[in-house]
Each structure stands twice: as structure tokens, then as C-alpha cells.
Amino acid sequence: MPRPKLRSRGWWMKQLHMWHWMSAAISLIGMAGFAATGITLNHAESIDAKPAVIGRGGQLPAPLLHMLAPRPASDKAALPAPVAAHLARAIGLDPAGKPGEWSDADVYVALPRPGGDAWVSIDRHSGAITAERTDRGWISYLNDLHKGRNTGAAWQWFIDLFAAACIIFTTTGLLLLQILAKNRRLTWPLVGLGLAAPLLVIILFIH
């Protein structure tokens, strides 16, 4: 092989190896976690989960109750900041910035979260606070992280960046396979098997 081609091949090999190991290092822990939760999601019906439900209550102070008297411009408006701060201290649930469901009788705020659920309701006349929190266990929590369910913007950004690292990892791996395939005869048959296996399962067993 002429020297310019050798140098070009060596440069590409160096770049591919560098991006391959860096993306592998970044995505290693996440890939293992998503693979494990893929198994738990696939067998979710057979995993016994007993939700723990905790009810809470309280009374909104009169000065804060007056803030709920005016009907907001939108029926999905969030609670006033002082009211939300009081609820966070009093019952351990923080509804700040969450959309509420306003009616003439009360304000209801849903607080879904990974691995469980929660809600709080305030009577707009008496100030009575009713709240409930449900915990479905750590497996449900991890499964919801896998799906990005009720996880917020930060976790969704993490999933996108992790997915990008996985794409770089697999793409550079494929290019390295192409370069090294001449000395490894099973390379393309194995790659073909990885493509054919899921396609056959889809065609034959999923209807």
C-alpha cells in the first residue's frame, strides 16, 4: 500500500479508536443501566410490586387562603408562590410551578413522579389541605427513568446526550469493523445475524 494511503488509514484508525473508546467510556454505565431496566420492563407484569400510599393533611393559614379567593385567569394556573412554599414545608410535597385544576370548590395539583404519584388539594373555602403520595418501589422508579416518565427536563436532556454517545459508539464500531473485516471472516455474518434476528422475530411472531 502506498505511504500516503497508509498514513491516511492510520489517521482514520487513530480517530475512530479515540472516538470509540471515549464514547464507550461515557455511555458504559448508562448502557448497563438501560439494558438492566429493559429486562425489568420486559417482565414488569411478573414483578410483584405493592404500592405504599401515604395520606397527609393540614390547614392553610388564613392569609394564604385569601390568595386563593380570586379566580385566576386560567383554570390551569399554578398556585401562588407563598402557598406552594407553605405546602412544601407542611406536607413535604412541592407544587411550585405545577399547573393546578381550579374549580369553585378547590384547587387540585397533580404531582406525578418516577416510581410513584402524588397530588394535593386545597379547599378554597375552608383552607383544608388533603394530599396523598404513592410509592411503587425502586424497580418502578428505575423503569420510569428508562422511559423518561415524569422525570423533568434535566433527565430528558441526559437521555438525549446518552443516546448521542451510543450512536457515536456504534457508528465508530461499525467503521472499525469495516476496516478490520478482511482479517476477520465472521465479521459481516455476525453483523448480518444481528440485523436478521430481530427482523425475523418481528415478521414471524409479532402480529
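Let me begin with a question: is Asp104 buried or exposed? Please keep in mind that what we are looking at is a predicted model. Asp104 has a relative accessible area of 58%, and because the cut-off for exposed is over 50%, Asp104 counts as exposed.

Asp104 also takes part in a salt bridge, and its partner is Arg71, with the closest N and O atoms 2.7 Å apart. Asp104 sits in the loop between β2 (100-102) and β3 (106-110), while Arg71 sits in the loop between α2 (62-65) and α3 (81-91), so this pair ties together parts that are 33 residues apart in sequence.

Arg71 has another partner, Asp75, and in that salt bridge the closest N and O atoms are 3.2 Å apart. Taken together, Arg71, Asp75 and Asp104 form a linked network of salt bridges. As for accessibility, Arg71 is partly exposed at 40%, and Asp75 is likewise partly exposed, at 42% relative accessibility.

Now let us turn to another pair, Arg149 and Asp144, which form a salt bridge whose closest N and O atoms are 3.0 Å apart. Here Arg149 is partly exposed, with 36% relative accessibility, whereas Asp144 is buried, with a relative accessible area of 4%.

Terms used
Residues are numbered from 1 along each chain as its sequence is written. This is a predicted model: local features need pLDDT of at least 70, side-chain atom pairs count only at pLDDT 80 or more; totals for chains, interfaces and linings use all residues. Side-chain values use heavy atoms; hydrogens and water are left out. A salt bridge is a side-chain nitrogen of Lys or Arg within 4 Å of a carboxyl oxygen of Asp or Glu. Buried means under 20% relative accessible area, exposed over 50%, partly exposed in between (1.4 Å probe, protein chains only). Helices (H or I, at least four residues) and strands (E, at least two) are DSSP runs, numbered from the N terminus.
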